[in-house]
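Hi there,

Here is the structure I promised to pass on. Have a look at it first, and my notes follow below.

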Amino acid sequence: MAWKQRGRGPAKRERAWERRNPSYSYLVPRPLEEKATHIRGTILALAEQLATTVDELARVLVEYALDKLDKGEIKIGGRPNPDSRMMRLCWDDTVGEEKQLPAPKSSKKKKSLEPRRKLFLGYRWPDELETSIRQVAPEIAAGEVLLYLLDFSLRSYESGYLKIHQEPIVSYRLGGSWE
């Protein structure tokens with residue numbers, strides 16, 4: 001333990017930035033964990049390619065999908081999963097009649113001896129975006145809604161419908177402080 005200095009504890013950090021910019025977490029439903037892992041990895045790779053942060057890229061992707069949702073170009077609805085009796089989300093690019101989702105049936109599953117960890121997706125973005133995601137479909141888990149918003153935007157980017165470009169942030173100095 002020669003490398004450790006005596007009398008010196010861990011670094012004291014203010015964490016003021018973290019308090020001003022909270023991270024919002026979304027629980028991913030178990031059947032969608034594999035898809036969520038793939039989407040998270042794709043966002044990370046694309047953020048590195050575009051030389052930006054994961055949070056900034058995710059914000060742009062969700063804003064794009066929410067804009068398309070507001071314009072009525074896409075819809076969130078439910079359809080039965082053929083492998084189970086659960087409801088899952090799907091996208092419908094056409095404007096049609098809305099469908100009522102049936103209440104999910106509760107099932108009692110055997111508890112394994114070793115519980116699996118839950119998967120969360122977390123991003124730092126404005127409070128307004130967080131509220132919009134949760135209001136899209138209040139009857140559906142926010143994690144599931146987020147997954148499909150991200151998936152839609154990533155597919156749009158891949159097919160060339162979504163163009164992402166970078167804009168420089170201009171800083172200027174007023175009276176001795178940078179704005």
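Ala51 sits in the loop between H2 and helix H3 (54-70), and its phi is positive, about 55°, although it is not a glycine. As background, most residues other than glycine have a negative phi.

Some housekeeping before the rest. This is a predicted model, in which local features need pLDDT of at least 70 and side-chain atom pairs count only at pLDDT 80 or more, while totals for chains, interfaces and linings use all residues. Residues are numbered from 1 along each chain as its sequence is written, and side-chain values use heavy atoms, with hydrogens and water left out.

**Overall layout**

The chain holds five helices and six strands (DSSP runs numbered from the N terminus, with helices being H or I of at least four residues and strands E of at least two). Along the sequence they follow the pattern α-β-α-α-β-β-β-α-α-β-β. Of the 179 residues in the chain, 29% are buried. Taking contacts (heavy atoms within 4.5 Å) between residues at least 6 apart in sequence, 67% join residues at least 24 apart.

**How the helices pack**

Helix H5 (residues 142-159) has 18 residues and spans 26 Å from first C-alpha to last. That is close to the expected 26 Å, where the expected span is 1.5 Å times one less than the number of residues. H5 is mostly covered, with 14 of its 18 residues buried. Gly160 follows H5 and has a positive phi, near 95°.

Helix H2 (residues 33-50) meets H5 with axes that come within 11 Å and cross at roughly 50°. Axes here are lines fitted to C-alpha atoms, for helices over the stretch in contact, and angles run from 0 to 180 degrees between N-to-C directions. The pair therefore counts as oblique (under 35 degrees is roughly parallel, over 145 roughly antiparallel, 65 to 115 roughly perpendicular and the rest oblique). The crossing of H2 and H5 is left-handed, a term used when the near helix is turned anticlockwise from the far one by less than a right angle, with clockwise being right-handed. On the H2 side the contact includes Ile39, Ile43 and Leu46, and on the H5 side Leu147, Leu150 and Leu154 are among the residues involved. An α-helix has 3.6 residues a turn, so residues three or four places apart point the same way.

H2 also packs against H3, at an angle of about 105° and with axes 9 Å apart. That makes H2 roughly perpendicular to H3. Ile43, Leu44, Leu46, Ala47 and Leu50 of H2 make this contact with Val54, Leu57 and Leu61 of H3.

For H3 and H4, the axes come within 11 Å and cross at roughly 45°, which makes H3 oblique to H4. Their crossing is left-handed. The residues in contact are Arg59, Val62, Glu63, Leu66 and Leu69 of H3 and Leu129, Ser132, Ile133 and Val136 of H4.

**Aromatic rings**

Rings of Phe, Tyr and Trp (its six-membered ring) pair if their centres lie within 6.5 Å, and planes under 30 degrees apart count as stacked, over 60 as edge-to-face and the rest as tilted. By this rule there are three aromatic pairs. Tyr26 and Trp125 have ring centres 6.1 Å apart and planes at 55°, so the pair is tilted. The two are 99 residues apart, with Tyr26 in strand E1 (residues 23-27) and Trp125 in the loop between strand E4 (120-124) and helix H4 (127-136). Both Tyr26 and Trp125 are buried. Together with Tyr123 they form one aromatic cluster.

**Two more residues to look at**

Arg124 is in strand E4 and is partly exposed, at 27% relative accessibility. Its C-alpha is 9.3 Å from that of Glu18, 106 residues away along the chain. Leaving aside residues up to four places away in sequence, Arg124 touches Trp17, Glu18, Asn21, Pro22, Ser23 and Asp55.

Ile74 lies in the loop between H3 and strand E2 (75-80) and is buried, with a relative accessible area of 2%. Ile74 and Phe152 are 78 residues apart in sequence, and their C-alpha atoms are 9.2 Å apart.

Best wishes

Note on methods
Buried means under 20% relative accessible area, exposed over 50%, partly exposed in between (1.4 Å probe, protein chains only).
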